[in-house]
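User: I would like to go through this structure with you, beginning at the surface. Could you take my questions one at a time?

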Amino acid sequence: MFENNIFDEYLEKESKKVLKKLRNDEVLTQDDKLIMILKSQINHFYHLDVELLENIKN
């Protein structure tokens with residue numbers, strides 16, 4: 001599979017491009033939308049992991 005940091009770097013770069021499009025009121029492509037979905041899911045999973053680790057420690 002992918003090395004996490006390679007995929008994360010790619011996704012971060014692409015999501016910044018999409019955000020720039022949003023700020024400029026440009027039309028988003030299907031790929032842009034998928035990038036944002038992936039980015040939001042990764043963020044969600046990260047926060048779930050943080051919460052889970054906090055609960056385990058307590």
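User: Which residues make the nonpolar surface patch of about 320 Å²?

Analyst: The patch is made by Leu52, Leu53 and Ile56. Please note that the model is a predicted one.

User: Is Ile56 buried or exposed?

Analyst: Ile56 counts as exposed, with a relative accessibility of 59%. This residue lies in helix H2.

User: How many helices and strands does the protein chain have?

Analyst: The protein chain has two helices and zero strands. Helix H1 covers residues 4-23, and helix H2 covers residues 30-57.

User: And the overall dimensions: what does the C-alpha trace span along its principal axes?

Analyst: The span is about 45 × 25 × 15 Å. The radius of gyration of the protein chain is 14 Å, whereas a compact globule of 58 residues would have a value near 10 Å.

User: What share of the residues is buried?

Analyst: Buried residues account for 12% of the 58 residues. The chain exposes about 5300 Å², and carbon and sulfur atoms supply 57% of that area.

User: Now electrostatics. How many salt bridges are found in the whole structure?

Analyst: The search finds four. One of the pairs is Asp32 with Lys21, whose side chains meet at 2.7 Å, N to O. Asp32 lies in helix H2 and Lys21 in helix H1, so this pair ties together parts that are 11 residues apart in sequence.

User: Why does Asp32 count as buried?

Analyst: Asp32 counts as buried because its relative accessibility is 11%, and the cut-off for buried is under 20%. Lys21, at 22%, counts as partly exposed. Apart from residues up to four places away in sequence, Asp32 touches Val18, Lys21 and Val27.

User: Which residue forms a salt bridge with Lys17?

Analyst: Lys17 pairs with Glu14, with the closest N and O atoms 3.3 Å apart. Lys17 and Glu14 are separated by about one helical turn, because they are three residues apart in helix H1. Glu14 is buried, with a relative accessible area of 17%, while Lys17 is partly exposed at 46%.

User: What about Lys16 and Glu12: how far apart are the closest N and O atoms?

Analyst: Those atoms are 4.0 Å apart in the salt bridge between Lys16 and Glu12. The two residues are four residues apart in helix H1, so about one helical turn separates them. Lys16 counts as exposed at 52% relative accessibility, and Glu12 as partly exposed at 31%.

User: Which residues are linked with Glu12 in a network of salt bridges?

Analyst: Lys16 and Lys39 are linked with Glu12 in that network. Lys39 was also named among the contacts of Ser15.

User: One last topic, the backbone. What is the phi of Asp25?

Analyst: Asp25 has a positive phi of about 55°, although it is not a glycine. This residue lies in the loop between H1 and H2 and is exposed, with a relative accessible area of 70%.

Definitions and conventions. Residues numbered from 1 in each chain as written. Predicted model: local features only at pLDDT ≥ 70, side-chain atom pairs only at ≥ 80, totals over all residues. Heavy atoms only, no water. Contact = heavy atoms within 4.5 Å. Patch = residues over 30% accessible without salt bridge, like charges linked within 9 Å, V, L, I, M, F, W, Y side chains within 5 Å. Areas by Shrake-Rupley, 256 points an atom, 1.4 Å probe, with all protein chains shown as cover. Buried < 20%, exposed > 50% of the residue type's maximum accessible area, 1.4 Å probe, protein only. Rg over C-alpha atoms; globule rule 2.2 N^0.38 Å.
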